[in-house]
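Okay, everyone, thanks for coming. Let me put the structure up, and then we'll walk through a sheet and the chain around it.

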Amino acid sequence: MRAWVLGDNVDTDAIAPGRYMKFGIAEIAPHCLEGVLPEFARSVKAGDVVVGGRNFGAGSSREQAPAALKHLGVAALVAESFAGLFYRNALNLGLPAVVCAEAKRIRDGDMLRVSFEHGEIVNLGTGETLKCEAIPAHLMQMVRDGGLLAHLEKRLGRSR
Amino acid sequence: MGKMPATLAQKLIARAADRGAVTPGEIVTCKVDLAMIHDSSGPRRVKPMLERLGAKVWDPSKVVVITDHYVPAYDEESRKIIRITRDWVREAGIDNFHDEQGICHVVLPERGHLKPGMFAVGGDSHSPTGGAFAAYMFGVGATEILGVLVTGEIWLKVPHTIAMEFDGAFAPGVSAKDAMLFLIGRFGLDGGQYQAVEYRGAAIRALPMQERMTLCNMAAELGAQTGLIASDEVTRDFLKLEKFELWESDPNAPLLAHHRFNGSELAPQVAAPHSPSNTRPVTEFTEVRPQLAYIGACTGAKLEDLRMAARVLKGRKSAMRLLVAPASLRDQNVARNEGTLQVLLEAGAELLPNGCGICAGYGEHLLPENMVAISSTARNFKGRMGAPSSQVYLASPYTVAATAAAGRICDPRELLR
């Protein structure tokens, strides 16, 4: 998993610009982060990890922000901290978001292995292990189910 | 032994979670009294998900739908979004539908949907606006709104409370927007730590309801889950409630932090491009010459905001293009009847529709390349209001109006003397 490293306070207007919001996610995703990392949407590969600093995902409630990252194949988000609304949105879409106080030790292009169960990130290049906060149990179950919609589908199916 | 002292946030959540008391940090499930959605994050997103689940809305009487992002529709996509919204409201049996009446956060209390003590969610990040009415209200995304529409419930981590107290009284020409830009500049976009921010003090108590809404609205830019203000006679009078319910924090309730400021010393603030936290006093920006002044959005174009702008612009002409998009149709009508709107029009203002418009990057008036603008809205992130090369300065309606009149960023206190 290649790390794409961004700075502090990356906002939802940068991740999913408002002027494309009237379109579906397939049209929005190519513009993901275009003002910050113009090559990102073209170059990101399935399984890559996006690493932010403080307050990743500040701003809007637009779910298209984590949805665009997921659509491009991003497998996980790592940040020193997330904006609360964005954090909920990411997990609701089944995109794991991991809080890691030492996220700034990760360099752009590093290869990472992120383990949600153990709450740790291994930097495959340096061999370094970074501790992160575990995703709360009730949310991890939802992420494993594939997000809130799939989780509800399972729950409602069972109660029928 | 008596009950442990609790914050307003704890009391509101305990009621909604059907618990005697809740502790900050614990995860609880709350029953939702009201769910608000708009045309962008609402029906076009939740309808297909409801169909996939074969589920219905848990209680249509508790859902409010408001069109504000794509109104008036201006192209094929926006027409489709509005059509889906109108059709779904009918199918789902939702009576609380306000179509092209203004921005959801302003229309919701204006039409009497909010009351002190409620627990509410909104499909929009500025939903903390409802906290001004001593209701717990916060924003969520479309899938989470779907969860609420199906179950009538939502989880949250009980927040700690950060008290922001302003003593004294704001000077003429200084407003709630200045207080928020000041706080965001001081504490940063994550200063609220996704906890509850509660505004207190004599300067806050003296504010009219819509100014209080501005404080709670921008709790979003402060990174709080919600902003709260205890209920009082101002709340009661605005909502025209017969029975007044007092919802407030207990005197000794534990706080994560308690910040005290002298409201009398607060100067008008301006946030430079490209962050609301990029704030300094207006006097440091007087060399900047914007080409456009914008008075709009839930943050900055309510009736009180229009009145502020009119106080400055009375008998003056705008030296630049001045766009005014009143936040609700009702506010616009009151402004017209009392003469406020005429003052703005005589100053040269162009009137835009009652919706989110440029603030959310929608509509036909987006900022062109390299445009420098001053705006009464809440966010100036790069490219939000148009071209990525455009530059947006955020300020109060007083300061935006003073800037329009002066042709450069201007301290409104100079023109109000």
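**A sheet in chain A**

So, β1(A) and strand β2 (residues 49–52) of chain A run parallel and pair over three bridges. Strands here are DSSP runs of E with at least two residues, helices are runs of H or I with at least four, and both are numbered from the N terminus. Two strands pair if DSSP finds at least two bridges between them. Within this pairing, W4(A) has V50(A) of β2(A) as its bridge partner.

Quick note: this is a predicted model, where local features need pLDDT of at least 70 and side-chain atom pairs count only at pLDDT 80 or more, while totals for chains, interfaces and linings use all residues. Residues are numbered from 1 along each chain as its sequence is written, and chains are lettered from A and ligands numbered from 1 in the order in which they are written.

Now, which strands make up the open sheet, and in what order? There are four, in the order β1-β2-β3-β4 (chain A), with parallel pairing. β1 (3–5) and β4 (97–99) of chain A sit at the edges with a single partner strand each, so one side of each has no neighbour in the sheet.

Zooming out, chain A has seven helices and seven strands. Along the sequence, chain A reads β-α-α-α-β-α-β-α-β-β-β-β-α-α. The C-alpha atoms of chain A fill a box of roughly 50 × 40 × 25 Å along the principal axes.
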